[in-house]
Amino acid sequence: MTDSQRVAIVTGAARGIGAATAQRLAADGFAVAAVDLTEDNCADTVAAITEAGGRAIAVGADVSDSAAVDAAVAHVAATLGAPSALVNNAGVLRDNLLFKMSDSDWDTVMSVHLRGAFLCSRAVQKHMVEQKYGRIVSLSSTSALGNRGQANYAAAKAGLQGFTKTLAIELGPFGITANAVAPGFIVTEMTAATAARVGVDFEAFQAARAAETPVRRVGTPADVAHAISYLVSEGAGFVTGQVVYVAGGPRG
């Protein structure tokens, strides 16, 4: 495929890892659809891409809503072209210990992370199958290995690994790869919220995590975007069904 034919959809692209990934893929030559709950949420991401000479649109959609996802993907296909890459990044936190976790805390996290990845992947795969080419990357986490106060998030992120491996088996014959990236501690608004939840100064929180990480630093959204950039590239066509931990060490 030529650069002009490549279209990427990045969900949760308003900030953090999603925004960094959208900007990186635009720099790589993709036309990018930045998806978040509202178009306005992605205005800054789209502006950064267009100011750098890239092509991008903002798309408002709730990834847990089947009709909204189908409409969003159809809009992207009509506006930019058929998507050849999807990054399932949209996510939320509803952290709590099990005995304090509400039904809503559980359902919201499952709906955005797991249902969202399922709906978006299902919607784009028909375009990818027609093209006999595609790249799907879903954001897992080191929390998939277990993390206190995150039974919902850990279950969802572990589920995405099984989802990814199954997509790799089903879609491989059509030239479509599916992989997951599992970040460790990344400096974002989400991790700042985690620090606030446990009552720790964010700078101190980062320093403590850096000290226990082999490379002795915390991660940035750009670190994750670099890994995703490789996995959605044409050169990564023989890499599929993998979980790549971007965590400054063997695991987070």
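Guide: What follows is a walk through the pockets and then the cavities.

This is a predicted model, in which local features need pLDDT of at least 70 and side-chain atom pairs count only at pLDDT 80 or more, while totals for chains, interfaces and linings use all residues. Residues are numbered from 1 along each chain as its sequence is written, and side-chain values use heavy atoms, with hydrogens and water left out.

Rolling a probe the size of a water molecule over the atoms shows where empty space is left. On a 1 Å grid over the protein atoms alone, a cavity is a set of points where a 1.4 Å probe fits but cannot get out, whereas a pocket is an open set with protein on both sides within 12 Å along at least five of seven lines, and lining residues have an atom within 4 Å of a point. Grid points are joined across faces, edges and corners, and a volume is the space filled by probe spheres set on the points.

The largest pocket holds about 1200 Å³ of space, and among its 50 lining residues Leu-93, Tyr-153, Thr-188, Met-190 and Thr-191 lie nearest the centre. Helix α6 (189-197) is one of the elements that give two or more residues to this lining, and α6 provides the largest share, five residues; helices (H or I, at least four residues) and strands (E, at least two) are DSSP runs, numbered from the N terminus. The lining of the largest pocket has 19 nonpolar, 21 polar and 10 charged residues, where Ala, Val, Leu, Ile, Met, Phe, Trp, Tyr, Cys and Pro count as nonpolar, Asp, Glu, Lys and Arg as charged, and the others, Gly among them, as polar.

The second largest pocket has a volume of about 240 Å³, and of its 17 lining residues Phe-185, Thr-213, Arg-217, Ala-247 and Gly-248 are the closest to its centre.

The largest cavity has a volume of about 70 Å³, and its lining, to which α3 gives the most with three residues, divides into 10 nonpolar residues, one polar and no charged. The second largest cavity, of about 50 Å³, has 13 lining residues, of which Asn-88, Asn-89, Ala-90, His-113 and Ala-117 are closest to its centre, and α4 gives the most to this lining, with five residues.
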